Amino acid sequence: MFKLTRLVTLADPAALDSLADEARVLAATHGAWRRLVAATLPGSHFGGDLIVHGAFDSAEQRDAFGAVLATLLAGAPVASVDGADYQGSPDGKRDPDLANGVYRVLLLSVDEGSDPEVVAQFEAETRMMPHYIPAIRNWQLSRADAAFGERRWTHVWEQEYRDSEGLLGPYMLHPYHWARIDRWFDPECPDRIVDARLCHSFCTLEASVL
């Protein structure tokens, strides 16, 4: 599965609906067999105004869509774009038929030169989150093939929830989150390997895209 996610920040919020419509058409015509184009929900952090997400059968399809999308997003209504191209492999699904839920994506950047074994431990602990936090219904952690925007994004951490309460409550406040995961992000902790600049974004979804 070859995936693409872009978080689009608009200079002109009034352009959101028309831009979203154009992105949906482009995703469909370029063979995205899973696609999500939706406005972000309040509470996103450097998450943009619009999420554009697609899954493709080949890197060629993904890259072709990425090229035409870049042209679309180069227009005046867009202030900035963060995102990544990556190869998603299903990590876990509790609700493969999840509908009318919430999709969340976190773009993060692990420090260059980090010990590969330490990075692997960070990834393993992140993938264990759903074991402790059942509010996470579907999930996927991927390494980025290419990054766009403010940072050299290295990882894409995606989850799906039944509603935003699952993300903002059980996920954010769970002891496993702050006791095991936060240390990778905490600048005062010697275990920190993740840049403080993150993109945390979420939106509603009609059907699961993971």
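The legends below describe close-up views of a predicted model.

In this predicted model, local features need pLDDT of at least 70 and side-chain atom pairs count only at pLDDT 80 or more, while totals for chains, interfaces and linings use all residues. Residues are numbered from 1 along each chain as its sequence is written, and side-chain values use heavy atoms, with hydrogens and water left out.

**View 1. The largest nonpolar core has 24 residues.** A nonpolar core is a set of buried Ala, Val, Leu, Ile, Met, Phe, Trp, Tyr and Cys residues joined through side-chain atoms within 4.5 Å. Buried means under 20% relative accessible area, exposed means over 50%, and partly exposed is in between (1.4 Å probe, protein chains only). The residues with the most contacts inside this core are L108, F122, M129, Y171, F185 and V194. Two or more residues each come from β6 (99-108), α3 (116-127), β7 (138-148), β8 (155-161), α5 (164-173) and α6 (175-181). The largest share, 3 residues, is that of β6. Helices (H or I, at least four residues) and strands (E, at least two) are DSSP runs, numbered from the N terminus.

**View 2. F185 and its contacts.** Contact means heavy atoms within 4.5 Å. Apart from neighbours within four places in sequence, F185 is in contact with L106, L108, F122, R192, V194 and L198. F185 also forms one aromatic cluster with F122 and W184.

**View 3. Helix α5 and what covers it.** The buried residues in α5 are G166, L167, G169 and Y171. Their cover includes β6, α4 (129-132), β8, α6 and β9 (199-207).

**View 4. E123 in helix α3.** E123 is buried because its relative accessible area is 9%. Its side chain makes a polar contact with the side chain of H155, at 2.7 Å. A polar contact is a pair of N or O atoms within 3.5 Å; within protein, one must be able to donate a hydrogen and the other to accept it, and residues adjacent in sequence count only if both atoms are side-chain atoms. Not counting residues up to four places away in sequence, E123 touches L141, R143 and H155.

**View 5. Two aromatic pairs, F56 with F65 and Y132 with Y176.** Rings of Phe, Tyr and Trp (its six-membered ring) pair if their centres lie within 6.5 Å; planes under 30 degrees apart count as stacked, over 60 as edge-to-face and the rest as tilted. By this rule the count is 5 aromatic pairs. The centres of F56 and F65 are 5.5 Å apart and their planes are at 35°, so this pair is tilted. Both F56 and F65 are buried. The pair of Y132 and Y176 is stacked, with 4.5 Å centre to centre and 15° between the planes. Y132 lies in helix α4 and Y176 in helix α6, so the pair ties together parts 44 residues apart in sequence. Y132 is partly exposed at 40% relative accessible area, whereas Y176 is buried at 11%.

View 6. A disulfide is a pair of cysteine sulfur atoms within 2.5 Å. The whole structure has 0 disulfides. C199 is buried at 0% relative accessibility, and C203 is buried with a relative accessible area of 0%.
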